[in-house]
Amino acid sequence: HDLAIRPERTIYILLLLLSAASADLRTSIHPGFILMYVMFRFSAKMATGSLAASFWGRWPLTHRSLGLGLLSEGGMSVATAATFAQIMPGPVSDTILTTILFTVFIHELITPYALQHVFSRAGKL
């Protein structure tokens with residue numbers, strides 16, 4: 001696990017830095033879109049975590065707040081948005097990329113507290 005996670009974390013941080021450097025932050029920050037996507041992504045993680053918990057309820061860490069443990073998983077959305085920005089450069093792709101980057105950043109800040117909640121609900125803290 002350690003051999004796999006160290007390069008993955010490094011690549012993820014480099015992906016975030018390169019993506020942020022490629023977007024024009026002066027024209028692509030739209031707080032409404034960012035707030036909407038933060039709420040949408042949070043709701044989707046909670047809904048899918050709850051659905052997964054209903055399927056696999058016998059495992060020790062499965063309960064309705066399981067999706068909170070998945071908040072920091074945003075690498076695929078950043079990679080998709082960065083690819084879209086390279087294929088179709090312009091203000092729309094910059095706005096999408098910036099929105100996703102800010103959302104991933106916000107969720108990375110929330111994740112330690114969310115994981116603490118998930119583990120305490122499972123009785124593992």
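Biologist: Which helices each supply at least two residues of the lining of the second largest pocket?

Modeller: First, the general idea. Rolling a probe the size of a water molecule over the atoms shows where empty space is left. Now this case, which is a predicted model. Helices α1 (2-22) and α5 (91-121) each supply at least two lining residues of the second largest pocket.

Biologist: Which of them gives the most to that lining?

Modeller: Helix α5 does, with five residues.

Biologist: What is the volume of the second largest pocket?

Modeller: About 210 Å³.

Biologist: Which residues line the second largest pocket, and how do they divide by class?

Modeller: The lining consists of I13, L16, L17, A20, L25, L101, F102, V104, F105 and E108. Nine are nonpolar, none is polar and one is charged.

Biologist: Now helix packing. At what angle do α4 and α5 pack?

Modeller: Again, the idea first. Two packed helices are described by the angle between their axes and the distance between the axes. Here α4 (residues 75-87) packs with α5 at about 160°, and the axes lie 9 Å apart. Angles over 145 degrees count as roughly antiparallel, so α4 is roughly antiparallel to α5.

Biologist: Is the crossing left-handed or right-handed?

Modeller: Left-handed, as α4 passes α5.

Biologist: Which residues make the contact?

Modeller: From α4 come S77, V78, A81, A82, F84 and A85. From α5 come S93, I96, L97, I100, L101 and V104. By class, the contact has 10 nonpolar, two polar and no charged residues.

Terms used: Residues numbered from 1 in each chain as written. Predicted model: local features only at pLDDT ≥ 70, side-chain atom pairs only at ≥ 80, totals over all residues. Heavy atoms only, no water. 1 Å grid on protein atoms, 1.4 Å probe; cavity = no way out; pocket = protein on both sides within 12 Å on 5 of 7 lines; lining within 4 Å. Points joined across faces, edges and corners; volume = space filled by probe spheres on them. Helix = DSSP H or I, 4+ residues; strand = E, 2+ residues; numbered from the N terminus. Nonpolar A, V, L, I, M, F, W, Y, C, P; charged D, E, K, R; others polar. Axes fitted to C-alpha atoms, helices over the stretch in contact; angles between N-to-C directions. Parallel < 35°, antiparallel > 145°, perpendicular 65-115°, else oblique. Left-handed = near helix turned anticlockwise from the far one by under 90°. Contact = heavy atoms within 4.5 Å.
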